[in-house]
Amino acid sequence: MEDERIIVRPAIPADVVFADEIIKEMETSAIARGSGISKRSAASVIEKIDEGKAIVAVTETGEWVGFSYIETWDNGEFVSNSGLIVSPKHRNQGVASEIKNRIFNLSRSKYPWAKIFSITSGLAIMKMNTRLGFEPVTYSEVARETRFWDACKSCVNYDVLQNKNRCNCLCTAMLFDPQLN
């Protein structure tokens, strides 16, 4: 049987039906990797879709495959590329790379002067970020808004972040500065 074609595109309002599936897979995957993750709510995923700040991957028959979104911080000085997830059934097919490229391009088109950052503990995401021109940085180089760091409270490693005065944690911060690229 031939593999079904996967479509990676900007999320549309009808994609809100995938919100519960997205957040469940984010949490399940984090637990399976033994890594921390800031938990998202279905409402926050729906909000990103409704605001035109999300990329989704689906099959031709409408099955959810993957997702990522952007968020602005510090009065638009920073944009985060966040929540990249691919369903286990569709991993190792290049979907994550395509979603990452699309969310990066969405960030650049909506906020051309903003610095784009990604915080991850995953080697695959670090490699994708590097290919796009991101560089590892200290946490002091990314968003300073308390609201951003408050989202880390649901992570299993939040105590590490707090004990280090939000200077570092187990994740790696990576930054793309359009002024340098």
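Seven strands, named β1 to β7, make up an open sheet in this predicted model, and their order across the sheet is β1-β2-β3-β4-β5-β7-β6, with mixed pairing. Here strands (E, at least two residues) and helices (H or I, at least four residues) are DSSP runs numbered from the N terminus, and two strands pair if DSSP finds at least two bridges between them. The edges of the sheet are formed by β1, residues 6-10, and β6, residues 135-137, each of which pairs on one side only. On average, neighbouring strands of the sheet are turned by 25° against each other, with direction ignored; axes are lines fitted to C-alpha atoms, for helices over the stretch in contact, and angles run from 0 to 180 degrees between N-to-C directions.

Residues are numbered from 1 along each chain as its sequence is written, and side-chain values use heavy atoms, with hydrogens and water left out. Since the model is predicted, local features need pLDDT of at least 70 and side-chain atom pairs count only at pLDDT 80 or more, whereas totals for chains, interfaces and linings use all residues.

Seen as a whole, the chain has 6 helices and 7 strands, and from the N terminus on its elements follow the order β-α-α-β-β-β-α-β-α-β-α-α-β. The radius of gyration, taken over C-alpha atoms, is 16 Å, close to the 16 Å that the globule rule gives for 181 residues, so the chain is as compact as a globular protein of that length; the rule itself is 2.2 Å times the number of residues to the power 0.38. Along its principal axes, the C-alpha trace spans about 50 × 35 × 30 Å. Of the contacts in the chain with a separation of 6 or more, 68% are between residues 24 or more positions apart. Buried residues make up 44% of the 181 residues, where buried means under 20% relative accessible area, exposed means over 50%, and partly exposed lies in between (1.4 Å probe, protein chains only).

The structure also holds 11 salt bridges, a salt bridge being a side-chain nitrogen of Lys or Arg within 4 Å of a carboxyl oxygen of Asp or Glu. One of them connects E71 with K48, and their closest N and O atoms are 2.4 Å apart. This pair links distant parts of the chain, with E71 in strand β3 and K48 in helix α2, 23 residues apart. E71 counts as buried at 12% relative accessibility, and K48 is buried as well, with a relative accessible area of 4%. Both residues belong to a network of salt bridges that links E47, K48, E51, K53 and E71.

Another salt bridge is formed by R102 and E98, with closest N and O atoms 3.0 Å apart. These residues are separated by about one helical turn, because they are 4 residues apart in helix α3. R102 counts as partly exposed at 31% relative accessibility, and E98 counts as partly exposed at 31% too.

E60 forms a salt bridge with R5, the closest N and O atoms being 3.3 Å apart. E60 lies in this loop and R5 in the segment before β1, so the pair ties together parts that are 55 residues apart in sequence. T61 is also placed in the loop between β2 and β3, and T61 is exposed, with a relative accessible area of 64%. The side chain of T61 is joined to that of E4 by a polar contact of 2.9 Å and to that of T59 by one of 3.1 Å. A polar contact is a pair of N or O atoms within 3.5 Å; within protein, one must be able to donate a hydrogen and the other to accept it, and residues adjacent in sequence count only if both atoms are side-chain atoms.

In the loop between β4 (78-86) and α3 (95-110) the reader finds S87. S87 is buried, with a relative accessible area of 8%, and, not counting residues up to four places away in sequence, S87 touches E25, W64 and V65.

Key. Contact = heavy atoms within 4.5 Å.
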